[in-house]
Amino acid sequence: MRAPLTWLAEYTDLAAGARGVDVAASLVSVGLEEEDLHGGDITGPLVVGRVLEFEETIQKNGKPIRYCVVDVGQNGQMVTEGRHQEIVCGATNFEVGDLVVVVLPGATLPGGFHITARKTYGRMSNGMICAEDEIGIGHDHAGIIVLPRLLGEEHVADVKPGDDAIALLGLGEETIEANVTPDRGYCFSVRGLAREYWHSQGSPAGGFRDPALIETPQPNESGHPVVLRDEAPLDGVPGCDRFVARVVRGVDAAAPSPAWMQKRIAQMGMRPISLAVDVTNYVMLALGQPLHAYDLDTLGGPIVVRRARSGEKLTTLDDVERTLDPEDLLITDAGDGGEGGEGGEGGSETVLGLAGVMGGASSEVSATTTNVLIEAAHFDPTSVARTSRRHRLVSEASKRFERGVDPAIPAAAAEMAARLLVEHGGGQIDPGVTDLDHTSRPHAFRLELAEPSRIVGVDYPRERVLQVLRDLGAEVRETEDERYVEVTPPSWRPDLVNDSPAPDYAEEIARIDGYNNIPSITPTPTEGRGLTHGQKTRRVVADALAGAGFTEVLSYPFVAPELADQLMLPADDDRRRAVRLANPLSEERPLLRTSVLSSLVDVLRRNISRGQKDVALFEMGLVFRPGGPLGRAPLPSVAHRPSEAELEQLYAAVPAQPRRVGIIATGLAEQAGWWGSGRLVEWSDMVAAVEAVAAALVVPVVVSADADHAPWHPGRCARITLTDGTLVGHAGELHPKALSALDLPPRTVAAEIDVDVLTTASDRAVQAAPFSTFPAALTDIALLVRSDVPAGDVESALRRGAGESLESVTLFDVYEGDRIEAGHRSLAYRLTFRAADRTLTTDEVNGFRDAAVAEAARAVGAVQR
Amino acid sequence: MSGPNTNYDPVEVSALDPENVDAAVADALTAIAAAASLDDLKAVRIAHQGERSPLALANREIGALPPSAKAEAGKRVGQARGRVGAALATRQAELEAERDERILVEERVDVTMPVVRRPFGARHPIELVAQRLVDAFVGMGWEVAEGPELEAEWLNFDALNLGPDHPARQMQDTFFLDPVDSGLVLRTHTSPVQIRTMLREDPPIYIVAPGKVYRTDDLDATHTPVFHQIECLAVDKGLTMAHLRGAIDAFVKIMFGEGTRTRVRASYFPFTEPSMETDFVCFACHGDPGPDGCRTCGGSGWIELGGSGMVNRKVLQACGIDPDVYSGFAFGLGIERALMLRHGVQGMHEMVEGDVRFSRQFGMEV
Ligand SMILES: [Zn+2]
């Protein structure tokens with residue numbers, strides 16, 4: 001919401017010499033965030049110009065450029081060279097003869113942008129034809145300002161080239177813009193901002209002059225008939241609880257609105273349009289009360305405020321035909337059939353507009369209108385909000401009604417508008433005054449005076465609290481118990497009306513007193529238990545992988561349905577059961593990932609496309625595993641804690657989201673260099689990475705072959721489990737077909753492991769085992785086994801057979817070739833033995849070795865070579 | 001070796017002449033000094049100390065002397081052999097030292113050659129910033145709470161006083177699950193973790209909740225559909241806005257350094273009342289942007305931190321906590337923004353694209 005300083009100053013006393021920045025800072029101090037400052041930062045010459053001729057050429061970049069000659073009166077080149085201004089312009093939204101805004105060399109535009117004559121696109125440009133954003137009156141940069149379009153044809157009738165555009169557009173005056181939070185609807189008015197500024201100055205007596213305090217005539221029976229008929233109030237709240245209608249007859253709607261009003265409307269960031277529209281907008285900006293002006297002669301009968309009937313249609317002022325919803329509140333004209341018309345029996349019943357949101361085209365005030373009806377009503381915020389959202393229609397009116405408009409001011413607003421219409425368009429105000437007022441004053445709240453101090457942590461004296469409440473406009477009644485007062489909030493503060501407004505009042509006291517008076521006290525919790533085991537586990541996993549050379553990345557979990565096929569997942573694979581978004585950002589990726597790898601592949605591909613050849617990545621994150629169709633999460637009441645049954649239902653409806661780590665790598669695992677050639681990454685690097693993680697957590701894992709787990713290579717996929725068989729994950733090389741479908745390099749390797757499983761498995765205190773200080777004895781064996789016997793099985797057999805003195809088994813050579821039987825391979829192992837209590841003898845060691853070999857022979861058919 | 005010579009012949013024992021002994025010593029010392037290498041010295045040793053050396057010969061002749069002459073000749077030859085031996089030992093030590101020195105020089109390598117064969121890994125800085133904040137709060141006695149990212153609508157909205165008419169519940173900001181009446185959304189903030197904690201635990205509650213959140217924004221320089229927040233919630237007896245300020249001040253110091261001042265102003269959020277907005281003094285210009293302005297804070301001298309407030313009574317009620325007994329506060333901020341500010345990251349793209357060059361800049365700790 002904006003407010004020019006000159007306008008604010010009408011309603012409140014600005015501090016002596018206060019500039020825009022000062023006023024904005026004062027408003028910040030009472031909780032109105034500064035959004036922007038407009039105006040006051042342009043120094044001339046900024047003048048009106050008329051385009052006399054231009055030559056358009058298309059530049060090499062395809063952009064059209066116009067070399068213009070502009071009449072800027074007795075300025076610029078006319079003074080120095082006796083000819084019109086030559087200006088280069090990149091916009092094309094104007095014609096020869098248009099009145100434009102020209103900034104001449106020597107001027108400074110907002111942001112300290114100094115204008116000089118300079119060569120551009122091959123010719124001298126002596127200044128610039130301005131767009132709205134360049135002079136700070138809007139954000140439009142689509143083209144330059146064409147004055148008749150900005151101000152209206154009739155308003156530029158007297159404007160001529162050379163006129164000072166700073167004065168014309170009110171750019172010399174500063175306008176502050178504040179961000180208004182949803183609880184302060186009243187600040188969508190200069191009245192509201194002036195009140196807040198007054199608070200920021202300590203609310204001095206007489207320092208705020210309420211523009212809504214104007215004398216209004218008594219309502220009578222001779223006004224335009226209005227019927228409030230809401231058969232279906234939302235949550236029991238009537239859609240309209242106040243409707244003021246005033247009529248002005250004989251007005252010249254084509255008369256221009258006064259320049260001062262146009263200027264203010266432009267300063268507020270809106271466009272002057274016509275007298276009737278400008279007046280209603282002006283009053284809305286001044287008081288915060290949205291108004292609507294109707295051409296009275298288009299109305300056939302009483303105005304009826306009612307809900308829409310299903311199937312009803314309305315063409316709104318933005319020329320969009322809208323199908324109405326039975327929850328939409330409407331302003332209708334009952335037509336000459338009178339107001340009885342349910343179902344349109346009069347035949348001429350007309351929908352005039354969506355109440356509080358936007359009017360319809362049929363009753364719009366036009367240049368030929370002579371009799372105007374002004375509507376100043378008060379609508380239910382919820383009803384307006386829903387209609388606005390339903391039709392995706394946000395208007396100045398809906399913005400205000402949604403946040404709450406002061407129900408006490410419709411009569412004053414209508415009176416102010418009527419007077420302005422007559423003053424500038426002639427005619428006279430009808431004596432008939434309609435004011436259907438069903439509003440009631442809010443109930444008083446019993447406020448404990450110590451409560452604000454208790455909430456804020458500042459010791460506010462009783463008198464200070466009372467003073468602030470009164471300054472806010474609340475009615476304060478002292479009670480017999482001096483610890484309490486009865487507070488009735490002012491009519492413009494609907495946010496202070498709720499079941500327990502004490503915190504709201506505390507906020508009011510704190511902000512008027514100054515939020516920065518609140519001290520800073522570090523809270524001191526007592527029983528911190530540190531990170532949980534799961535939280536620590538995740539750090540260990542991530543640090544272990546980063547330490548092993550993998551780089552952590554984060555990916556978006558949105559995936560395409562085709563991905564399951566690219567990953568070659570079988571039809572019944574659980575990873576095909578994905579959750580679908582109702583409103584995905586991209587229709588191509590509506591699913592949530594069921595594995596980390598499914599989105600990690602995108603990141604790998606992106607790195608490769610940027611020229612990275614050797615990439616090793618990991619990501620830890622949640623995956624979404626619904627297991628079946630989504631249930632329905634309940635929406636219990638928020639008035640109290642849900643029942644245990646409701647909570648159980650709530651939690652159960654949320655799909656499982658296990659935490660996984662995905663690892664993926666391609667290219668060289670070890671770089672080439674002066675030491676020799678590098679080493680390509682291979683399946684074993686992935687198994688090693690998983691083992692590194694498991695070792696960091698001291699979780700023993702078992703590696704076995706898994707010939708059937710997509711998207712891995714059937715011959716190069718390790719299945720990793722805990723010793724009890726619980727699946728930890730898979731690691732190895734990816735399937736060549738999957739890699740080709742995913743557009744990833746051949747031989748890309750990957751792993752995915754379940755962090756939750758590792759967390760559970762590592763959640764115990766590791767017990768120290770004693771270790772021997774006696775010497776170790778080594779012995780080597782070579783075993784001939786069939787090629788399809790996994791080395792893991794051979795090693796297990798050796799360990800079983802060797803007994804408890806075995807310290808380690810190392811596979812130090814694998815041979816397949818001519819020197820041994822076909823279909824077999826030779827595995828060479830070094831066994832290390834060590835006893836806890838003595839030095840082993842050679843005979844003992846040989847005995848253990850023979851036992852190990854015997855077990856390998858029994859279990860996997862190994863033959864010692 | 002000959003035995004005592006009973007037939008003493010002065011001619012045959014000329015090697016024992018004092019002149020001859022002195023000359024042998026002089027020859028030996030010259031040769032020793034001239035030995036340039038350990039090999040040379042070995043030859044010198046054989047020639048002047050070996051069995052056929054003049055002094056060895058002289059020594060053997062002693063036996064031929066009459067007993068009266070033996071003592072003197074023995075002493076003379078002994079001294080001579082001692083001098084030669086000492087000179088040899090000294091020269092040996094010198095040459096060995098030279099050799100050792102030379103070997104160390106010869107074995108020199110170029111230690112400036114590149115040596116890293118396996119590239120280093122790195123953590124993602126988003127995680128590291130979260131860890132930094134979490135650790136500091138854990139150090140102050142707070143605990144870390146978490147929750148799912150796919151969340152029940154009730155926990156994400158209703159319980160936080162974001163009723164059915166709240167704008168965030170329209171399709172504009174929130175990812176809804178299909179079917180839309182499933183009552184499930186991708187959480188739009190980490191606040192449902194607050195609700196889950198309050199439903200699970202009795203006060204006092206002091207939790208910090210970092211995590212991933214989702215909004216239906218397209219990726220651009222300042223928006224991303226998936227981003228990270230960190231939120232703090234405290235519920236205890238007697239907590240006031242002063243405690244809220246204290247917690248926020250602690251937070252700001254962890255991120256931007258000791259002595260970072262804050263200022264606060266009133267604001268509005270449905271889940272808090274009173275609500276507060278905090279700015280902290282710009283760490284780049286320290287609040288004084290000067291005439292040339294400041295890119296970090298845009299010239300205001302202050303940087304907006306984020307929203308906070310005292311937990312709305314309705315939120316406490318929905319979680320079964322008596323708002324007449326307990327009060328609470330909550331605050332939070334976007335981790336991406338903190339990363340951008342503290343580490344000069346230019347835009348969202350770098351943080352979300354997963355380019356390894358981005359993460360690697362930060363190593364394992366920020
Ligand atoms: Zn700064």
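## A salt bridge between the chains

B:Glu143 and A:Arg529 pair up in a salt bridge, with their closest N and O atoms 2.7 Å apart. A salt bridge here is a side-chain nitrogen of Lys or Arg within 4 Å of a carboxyl oxygen of Asp or Glu. Side chains of opposite charge can pair when their charged atoms come close. Across the interface of chain B and chain A, the rule finds eleven salt bridges.

Keep in mind that this is a predicted model, where local features need pLDDT of at least 70 and side-chain atom pairs count only at pLDDT 80 or more, while totals for chains, interfaces and linings use all residues. Residues are numbered from 1 along each chain as its sequence is written, chains are lettered from A and ligands numbered from 1 in the order in which they are written, and side-chain values use heavy atoms, with hydrogens and water left out.

## Where chain B meets chain A

How many residues of chain B are in contact with chain A? There are 104 of them, and they touch 101 residues of chain A; contact means heavy atoms within 4.5 Å. The area buried between the two chains is about 8700 Å², and carbon and sulfur atoms give 57% of that. Buried area is the accessible area (1.4 Å probe) that two parts lose on being put together, summed over both. On the chain B side, B:Arg117, B:Trp154 and B:Asp165 lose the most area to chain A, together 8% of what that side buries.

Between chain B and chain A there are also 43 residue pairs in polar contact, both residues being at pLDDT 80 or more. A polar contact is a pair of N or O atoms within 3.5 Å; within protein, one must be able to donate a hydrogen and the other to accept it, and residues adjacent in sequence count only if both atoms are side-chain atoms. Helix α8 (residues 241-256) of chain B supplies the largest share of the side that touches chain A, namely seven residues. Sorted by class, that side of chain B has 51 nonpolar, 22 polar and 31 charged residues. For the classes, Ala, Val, Leu, Ile, Met, Phe, Trp, Tyr, Cys and Pro count as nonpolar, Asp, Glu, Lys and Arg as charged, and the others, Gly among them, as polar.

## Salt bridges inside chain A

Over all chains, the count comes to 95 salt bridges. One of them joins A:Glu173 to A:Lys263, with the closest N and O atoms 2.8 Å apart. A:Glu173 sits in the loop between α5 (165-168) and β12 (175-179) of chain A and A:Lys263 in helix α7 (residues 259-267) of chain A, so this pair ties together parts that are 90 residues apart in sequence. Helices (H or I, at least four residues) and strands (E, at least two) are DSSP runs, numbered from the N terminus. A:Glu173 is partly exposed at 22% relative accessibility, and A:Lys263 is partly exposed with a relative accessible area of 22%. Buried means under 20% relative accessible area, exposed over 50%, and partly exposed in between (1.4 Å probe, protein chains only).

Another salt bridge brings A:Glu402 and A:Arg389 together at 3.1 Å, N to O. A:Glu402 belongs to helix α10 (residues 396-403) of chain A and A:Arg389 to helix α9 (residues 381-390) of chain A, 13 residues apart. A:Glu402 is partly exposed at 22% relative accessibility, whereas A:Arg389 counts as buried at 18%.

## A helix tucked inside

Is helix α6 of chain A mostly buried or exposed? Ten of the eleven residues of this helix (residues 190-200) are buried, so the rest of the structure largely encloses it. Among the buried ones are A:Leu193, A:Tyr197 and A:Trp198. The buried residues of α6(A) pack against several elements of chain A, including β1 (2-4), α2 (20-29) and α14 (502-513). After α6(A) comes A:Gly202, whose phi is positive, near 90 degrees.

Helix α2 of chain A holds A:Ser26, which counts as buried at 16% relative accessibility. Leaving aside residues up to four places away in sequence, A:Ser26 touches A:Tyr197, A:Ser200 and A:Gln201.

## Domains

Chain B has domain 1 (10-106) and domain 2 (125-360), with bounds that come from an automatic or database domain assignment. The C-alpha centres of these two domains of chain B lie 91 Å apart. In chain A, the C-alpha centres of domain 3 and domain 5 lie 59 Å apart.
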